[in-house]
Every structure is written in structure tokens, then in C-alpha cells.
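Please load the model in your viewer and keep the sequence panel open beside it. The tour below moves from one selection to the next and says what is to be found at each.

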Protein chains: 2
Amino acid sequence: MVAGCAAAGLRGVGLWRESVAEVGVGQAAAQVRSAGLQVTSLCRGGFFQQPGWYDENRRAIDEAATLGAPVLVLVSGGLPADEPDLAAARARVGDAIGALVAHAHAAGVQLAIEPLHPMYAADRCVVSTLDQALALAAPYPAEVVGVVVDTYHLWWDDRVWAAIARAGAAGRISCYQLADWVTPLPAGVLTGRGLPGQGCIDFGRFHTAVEAAGYTGPIEVEIFNETLWAQPGQDILAATIDSFPAP
Amino acid sequence: MVAGCAAAGLRGVGLWRESVAEVGVGQAAAQVRSAGLQVTSLCRGGFFQQPGWYDENRRAIDEAATLGAPVLVLVSGGLPADEPDLAAARARVGDAIGALVAHAHAAGVQLAIEPLHPMYAADRCVVSTLDQALALAAPYPAEVVGVVVDTYHLWWDDRVWAAIARAGAAGRISCYQLADWVTPLPAGVLTGRGLPGQGCIDFGRFHTAVEAAGYTGPIEVEIFNETLWAQPGQDILAATIDSFPAP
């Protein structure tokens, strides 16, 4: 993938911890660097309900630093079985992030709170809107805690445009990620994303909003899709580049 | 179903148009009435993007009146293929409802705008939050246009508690419906609902909020679930009654 991205003229690539672990963090960092690429973000930390979350997230921060990734994406985890109160669960996520701030700051890594679509609120992420993510980030300096703007998770929200403007003004847009909304959703609703243009999301409006908010960072295309994943890497890369909406 | 509900001591039942059509509206009305039951609501009008929506919704209003149903539930329909702008699509839903207000008023039927979970915004309902439903209802008298509070669709929304209070204060809570959020979601995400208690929704908080908002109407349990539907009607009814959270 690194070779393909470099050959295609891309300047950066977002990585997932699982893939990085397969080759080793140091080796992955060296590969990306020698190809002349930047690691745009590392996915992911979070899942603060799991035992050992504190040490695991510190390790993820260290990995991001080793990779030269400026951003570690945080997916909060879902509603704990013994906690019916979403707001309380969300508040605990804020506490957990607070516990990581000093380490992230020292490592030079920005923690990026990613709101996931409300259909994941029970089992994957109790942070469902950009407003909620911004509220969780608010107590901490922007260079240490930001938010992810992912079209797939946020397109339905009529408040997202104002939230993007506020996020940009606060310097808290850590990542901008693209995926399109395609129906019908598959069982488990995890791998139903489409390349931009395959679904119904108004990417022009997102681009305009993110640019107007002052964001000048990389744009990541992040597609969870079994059919796409089954294709050769070169084809996926070409399709992804083709799908990128012209500015 | 009518016989079973009456035998179980229930005082009302919500009906769907398709089921009513199977026996005929007049016959259905007579059956329910002779069993001593009220029709609590009729599902559903809406789908305003479909050709013929105006006549179809007038027919639905007439059917509700014939059945003695005080409420016709409206599901707006999804994002039209040629319309990338969700807000514009939602505004057109408001216009369509406005076109039906006089007929509904004359028929003595309250139109109830139902916000559906954001995972349906593309293909089923562009109205995703109680705030949006209230905004669409606002131009019209409360006795003609209200909203549906359905736990399944709204539980994830941190703004729903304030919206329920506003809806109640405005006299616009037309229906209160229960279903629980169960994961993983099935393909198509339509029939994954659970009986109250099978999932993660905090029904106590919803009951408290709806009561505090002054709602004294019926409570409907509406479960889309293939496994449940495959069971004998008596068993479904017993399970539904058992699942109802004690006040």
C-alpha cells in the first residue's frame, strides 16, 4: 500500500494499528518515511470501557509518535452493559480522555475524538454528534484534543455545519474523512460504506464547510466495504483516487 | 388480534393500513368497536416523494377517521435521488404536510410526524430528530399536527429530553411508542427491534420525560422483528404485555 500510494503521487496515508502491528511499528515508520509519505493519522485508540484501556491508549499514543502521525483517532466504545445512561457513559469518556492528555501532549500527538453515526451508539461509540465531540474536547487545549469530521457519520445531522465552523474556529479539526452512505445497510452495519459518489452524501457541501472552517490538512478516504476489500490493492487505490470529488 | 387484545384487557390498539385493507376499513372499524377497543393510531401516511402522495394521504386521513383513530402517523420518506440537500428535502415534507392540514382538520385527525433514526435518513425518513419534527409541525395548530415519540428512533439523542418537554408543552405529543435497541442490527436495519427490556434503552427515563411533559395518551409497543412475527399471535401479545415496564 505504501508503494502504491507513493507511486500514485499521494503524499500521505492513514494507518490502522492492526496493520502496523503486522510489520512492527518501527518497520512501518521506516517504510512510510523512506517512501516519502506522511502518516496522516493512526486509527485507533479509545474503547474506554475495556479493561486495560489506559495502558492500551498510552501505547497507541506512543505508536502514533513513532510513526510521525500527528493524530490518534479515538473511538469511544459503546454503552457499557451496566450503564443505561448514555450521558453518563459519555461523561466517563471525557474523563478517560482527560487522563491521557498529558501523555499525548508530551508525545506531540493530538487525540481526535471521532463521533460515530448514532446507529453505533450502543455497541461502538457513545459519541454520536460533532457537537458532543466538541463538548468533550472543550476542557483541553486544541493542540492536544481535536475531533474527526467523517462524512459517513455526520451527513444526516442538520447541526453539523455549525459544528464544523465552531470546530475549525477552535482549531480542533484533526481529521477530515470521506465515505459515502449507501443503502441498504448490511447486517452489523459496519461494512456498508461506499466510495464518494456511490451514495447520497453531499460532499461538495462538506468540502466547502471544512475549507471555510480553515481546515488545510489531509483528506482521508476511509471505506469499510467487503467487496472493495476483496479487490486487488492497486484497483482499490485507483478507484479511491477516481472517486475523489474534484475541487 | 382484536379479540386477543380485548381478552387481555387492553383498551386500544394501533393499526397499520395494510392490515386494515385486508379486511376493509369499515369492517375493521366495526370489529374494533364491537370489541370495545379504541384505535390508538393508524400507520401510516407520508412518503411524500412518491407520485400520488397527495391523494394517498387524503385516503389515509379518511381511513383514520373511519376507524376512529385520533392520529395518523406520517413517515416522510427518504432523500429523493435527485436531491442531495437533506434540509431542502425536509422543507418539502413540511410543505406537503401543510397541503394536508385542512383535510386532516376537517376529518378530526391529528397528523403525527414521526422522526426515524438517522440510519433511515437516506431511504425512509429525512426527519431524524424530535427537534426537526417539532420545527415542521410548528406552523400548524397542535390539534392538527403533532409528533411521535418512539424510543427506538430517539434514544441516542441527547437533545430528546428537552424536545419531549417542548412537545408536551405545545400539546404536540400524538403518540408514544416503545421498542428496544438490540445489536447487532440485521441487514436492511428494519426488523432488528426488541421488546422493551431486551436492549439498552432507558425506558424509565422516557416514561418520566413523557409523563412530565403532560402526556396522558396510550402507550404503543411497536416491534419490527421477524422472529417475533413468526410466533403465534397469543404468544406475541403475552410477551409484549410482559415486557411492558412496570410504572
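**First selection: the annotated span**

Select residues 5-236 of chain A, a span that is 42% helix and 18% strand and whose end C-alpha atoms lie 11 Å apart; helices (H or I, at least four residues) and strands (E, at least two) are DSSP runs, numbered from the N terminus. For these residues UniProt lists, in an unreviewed entry, "domain: Xylose isomerase-like TIM barrel"; positions from that record are in the numbering used here, feature names are shortened, and annotations may be inferred rather than shown by experiment.

This is a predicted model, in which local features need pLDDT of at least 70 and side-chain atom pairs count only at pLDDT 80 or more, while totals for chains, interfaces and linings use all residues. Residues are numbered from 1 along each chain as its sequence is written, chains are lettered from A and ligands numbered from 1 in the order in which they are written, and side-chain values use heavy atoms, with hydrogens and water left out.

**The interface of chain B and chain A**

Now show both chains and select the residues at which they meet: 30 residues of chain B are in contact (heavy atoms within 4.5 Å) with 30 residues of chain A. Together the two chains bury about 2300 Å², 62% of it on carbon and sulfur atoms, where buried area is the accessible area (1.4 Å probe) that two parts lose on being put together, summed over both. On chain B, highlight Trp155(B), Trp156(B) and Arg159(B), which supply 20% of the area that chain B buries against chain A, more than any other three residues.

Helices α5 (86-107) and α6 (130-137) of chain B each supply at least two residues of the side that touches chain A.

Select Thr129(A), in the loop between β4 (110-113) and α6 (130-137) of chain A. Is Thr129(A) buried or exposed? Thr129(A) is buried because its relative accessible area is 7%, the class covering values under 20%, with exposed meaning over 50% and partly exposed in between (1.4 Å probe, protein chains only). The side chain of Thr129(A) reaches the backbone nitrogen of Gln132(A) at 3.0 Å, and, not counting residues up to four places away in sequence, Thr129(A) touches Pro115(A), Leu154(A), Trp156(A), Asp157(A) and Trp156(B).

**Salt bridges within a chain**

The structure holds 17 salt bridges over all chains. One of them joins the side chains of Glu63(A) and Arg17(A), at 2.8 Å from N to O. This pair links distant parts of the chain, with Glu63(A) in helix α4 (residues 53-67) and Arg17(A) in helix α2 (residues 17-23) of chain A, 46 residues apart. Glu63(A) counts as buried at 16% relative accessibility, and Arg17(A) is buried with a relative accessible area of 13%.

In chain B, select Arg17(B) and Glu63(B), whose side chains meet in a salt bridge of 2.8 Å, N to O. Arg17(B) lies in helix α2 (residues 17-23) and Glu63(B) in helix α4 (residues 53-67) of chain B, 46 residues apart. Arg17(B) counts as buried at 13% relative accessibility, and Glu63(B) counts as buried at 15%.

What does the side chain of Ser174(B) make a polar contact with? Its partner is the side chain of Gln110(B), at 2.9 Å. Leaving aside neighbours within four places in sequence, Ser174(B) is in contact with residues including Val71(B), Leu111(B), Gly146(B) and Tyr215(B).

Conventions
Polar contact = N/O pair within 3.5 Å; in protein donor to acceptor, adjacent residues only side chain to side chain. Salt bridge = Lys/Arg side-chain N within 4 Å of Asp/Glu carboxyl O.
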